[in-house]
Amino acid sequence: MKLPQDGRHIDKIIKANLEKRGYVVTNGPVLAGPYNADVAVTYADKWVWDITMYMVELSVNLRDPKTGFPLATGNSFHTSMARKSPDEMVDEVLNNIFSASPQ
């Protein structure tokens with residue numbers, strides 16, 4: 001679900017990464033549920049300034065589309081000296097989600 005204030009198109013990066021993993025993905029604005037989907041993906045990105053703007057943190061949540069209940073969560077946080085591109089941040093978060101062992 002695309003955040004209204006997302007001018008950097010993080011939703012499209014997440015969509016492309018999930019498609020690369022073999023998932024069928026549609027994206028668009030946040031709408032009132034329930035959704036006709038297996039999973040709803042939400043995200044929050046935080047950007048800061050240090051000579052240039054960069055993404056310091058990305059959180060991605062996989063939610064039940066009918067209830068909104070979180071099924072899985074991933075996070076990536078990198079300060080200025082260890083910054084990563086948005087593509088790398090998305091890949092890191094989704095790798096963390098899909099490689100996590102169930103508890």
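What share of the contacts in the chain between residues at least 6 apart in sequence join residues at least 24 apart? In this predicted model, the share of such contacts that join residues at least 24 apart is 50%. The chain holds two helices and three strands, which follow one another along the sequence in the pattern α-β-β-β-α. Of its 103 residues, 31% count as buried.

The helix α1 spans residues 10-20, and its buried residues are Ile10, Asp11, Ile13, Ile14, Asn17 and Leu18. Seen down the axis of α1, these residues fall within an arc of 160°, so that they line one face of the helix. The elements that cover the buried residues of α1 include the strands β1 and β2 as well as the helix α2.

Buried positions in α2 are Met89, Val90, Val93, Leu94 and Ile97. These residues cover an arc of only 120° around the axis and are therefore placed on the same side of α2. Such an arrangement can be read against the geometry of the α-helix, in which there are 3.6 residues a turn, so residues three or four places apart point the same way. Among the elements that cover the buried residues of α2 are α1, the strand β2 (52-63) and the strand β3 (70-77).

Two packed helices are described by the angle between their axes and the distance between the axes. For α1 and α2, the axes come within 10 Å and cross at roughly 50°, and the two helices are therefore oblique to each other. The crossing of α1 and α2 is right-handed. To the contact, α1 contributes Ile10, Ile13, Ile14, Asn17, Leu18 and Lys20, while α2 contributes Pro86, Asp87, Val90, Asp91, Leu94 and Phe98.

Within this contact, Asn17 may be considered individually. Asn17 is located in helix α1 and, because its relative accessibility is 7%, counts as buried. When residues up to four places away in sequence are not counted, Asn17 touches Val90, Asp91 and Leu94, of which Val90 and Leu94 are among the buried residues of α2. The C-alpha atoms of Asn17 and Val90 are separated by 7.5 Å, although the two residues are 73 residues apart along the chain.

A further backbone feature concerns the strands. Ile51 lies in the loop between β1 (40-50) and β2, and its phi is near 70°, a positive value in a residue other than glycine.

Notes:
Residues are numbered from 1 along each chain as its sequence is written. This is a predicted model: local features need pLDDT of at least 70, side-chain atom pairs count only at pLDDT 80 or more; totals for chains, interfaces and linings use all residues. Side-chain values use heavy atoms; hydrogens and water are left out. Buried means under 20% relative accessible area, exposed over 50%, partly exposed in between (1.4 Å probe, protein chains only). Helices (H or I, at least four residues) and strands (E, at least two) are DSSP runs, numbered from the N terminus. The arc is that of the directions from the helix axis to the C-beta atoms. Contact means heavy atoms within 4.5 Å. Axes are lines fitted to C-alpha atoms, for helices over the stretch in contact, and angles run from 0 to 180 degrees between N-to-C directions. Angles under 35 degrees count as roughly parallel, over 145 as roughly antiparallel, 65 to 115 as roughly perpendicular and the rest as oblique. A crossing is left-handed if the near helix is turned anticlockwise from the far one by less than a right angle, and right-handed if clockwise.
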